[in-house]
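Welcome! Here is a short tour for anyone opening this structure for the first time. Have the view ready and follow along.

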Amino acid sequence: MLETLRQWVSESRRIVFFGGAGVSTESGIPDFRGVDGLYRQKYDYPPETILSHDFFMRRPEEFYRFYREKILVEGAKPNPAHYKLAEWEAEGRLLAVITQNIDGLHQLAGSKNVLELHGSVQRNHCVKCRRFYSDAAIRAMQGVPHCECGGVIKPDVVLYGEALDQVVMHRAISALSQADMLIIGGTSLSVYPAAGLIDLYNGNRLVLINKTETPQDRRANLILRDPIGQIFSQL
Ligand code: CNA
């Protein structure tokens, strides 16, 4: 199976990678729905409640307690999956990385065309005056970060109840409609509208790399269940 994947990669010039939280678990960032995912840990509220727009507005202290502990993971580094994708882009065989992740690890590995469907922890803005803050600035503050103007700073992360960026969505649609191979990795394909994007690929090189079953397994031409970093380190 790995041999088939190797061959398809070598024959492709317009690969699109569509990924999720499972791409970064081998970098030490927990996913939501995997076996060690945040949904299996106990909090006062379920993660999708804490990570919602309403919750952020009503209880910023609790939002930031969870966010700092579980989302803004300290010192995470890219793994072989992130690096290999960047290498393929530089070789001219990969069009885009479309990711639901918000951790910035694809860019850290060197990828340029990264379409972040759910935003990024690396960008933050004051809700009042729109001043920009980096993730380092947020880390350096305690509790709820506040702007010099007194406004609360909000990460540019798409929270539950918020709309996706239409420019990013259109770029993702464009990349997927040109793709000659689609690799889907480390995603439960259960968060919409992101997961619905894969329907735009109608070629016959759809590779799914996920530890657990997904609702789209039957659409895949090739399925691999090993950890994605491990697989990419052999490509
Ligand atoms: P998810 O629903 O948590 O699914 C992750 C999937 O990856 C599961 O099916 C796992 O079985 C699988 N998986 C875990 N580790 C590996 C591995 N090493 N190799 C292969 N498969 C693996 O995550 P989705 O991305 O599908 O859900 C979308 C949410 C999760 C998005 O809105 C993200 O913003 C959010 N999220 C992002 C991060 C991050 O940025 N690193 C972390 C946690 C959650």
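This is a predicted model: local features need pLDDT of at least 70, side-chain atom pairs count only at pLDDT 80 or more; totals for chains, interfaces and linings use all residues.

- Helix H4 itself covers residues 60–71 and lies across S4 and S6.
- Relative to S6, helix H4 runs at about 50°.

**Aromatic rings**

- A pair of aromatic rings is described by two things, the distance of the centres and the angle of the planes.
- In this model, the count comes to eight aromatic pairs.
- One of them joins Phe63 and Tyr64: the ring centres are 5.3 Å apart and the planes stand at 85°, so this pair is edge-to-face.
- Phe63 and Tyr64 are both buried.
- Tyr64 also pairs with Tyr67, with centres 5.6 Å apart and planes at 85°, so this pair is edge-to-face as well.
- Why are Tyr64 and Tyr67 separated by about one helical turn? They are three residues apart in helix H4.
- Tyr67 is buried, and so is Tyr64.
- Ring pairs bring Phe56, Phe63, Tyr64 and Tyr67 together in a cluster.
- Phe56 has a charged residue over its face: Lys154 lies there, at 5.9 Å from the ring centre.

**The antiparallel sheet**

- Strands of a sheet pair through backbone hydrogen bonds, and the pairing is either parallel or antiparallel.
- Three strands form an open sheet in the order S5-S4-S6, and their pairing is antiparallel.
- Strand S5 (132–134) and strand S6 (153–157) are at the edges with a single partner strand each, so one side of each has no neighbour in the sheet.
- From one strand to the next, the twist averages 35°.
- Strand S4 covers residues 119–126 and is joined to S5 by three bridges.
- Which residue in S5 does Asn124 stand opposite? Its counterpart there is Tyr133.

**Helix H5 and its neighbours**

- Which residues of H5 are buried? They are Ala81, His82, Lys84, Leu85, Ala86, Trp88 and Glu89.
- Those buried residues of H5 pack against helices H1 (2–11), H6 (105–109) and H9 (228–232), and against strands S1 (15–19), S2 (94–99) and S7 (181–185).

**Strand S2 and its parallel partners**

- Is S2 mostly covered or mostly open? It is mostly covered, with five of its six residues buried.
- S2 pairs with S1 in the parallel sense, over five bridges.
- Within this pairing, Val16 has Ala96 in S2 as its bridge partner.
- S2 is also joined to strand S3 (residues 114–116) by three bridges, and the two strands run parallel.
- Here Ile98 stands opposite Leu115 in S3.

Notes:
Residues are numbered from 1 along each chain as its sequence is written. Side-chain values use heavy atoms; hydrogens and water are left out. Two strands pair if DSSP finds at least two bridges between them. Helices (H or I, at least four residues) and strands (E, at least two) are DSSP runs, numbered from the N terminus. Axes are lines fitted to C-alpha atoms, for helices over the stretch in contact, and angles run from 0 to 180 degrees between N-to-C directions. Contact means heavy atoms within 4.5 Å. Rings of Phe, Tyr and Trp (its six-membered ring) pair if their centres lie within 6.5 Å; planes under 30 degrees apart count as stacked, over 60 as edge-to-face and the rest as tilted. Buried means under 20% relative accessible area, exposed over 50%, partly exposed in between (1.4 Å probe, protein chains only). A charge sits over a ring if NZ of Lys or CZ of Arg is within 6 Å of the ring centre and within 35 degrees of the ring normal.
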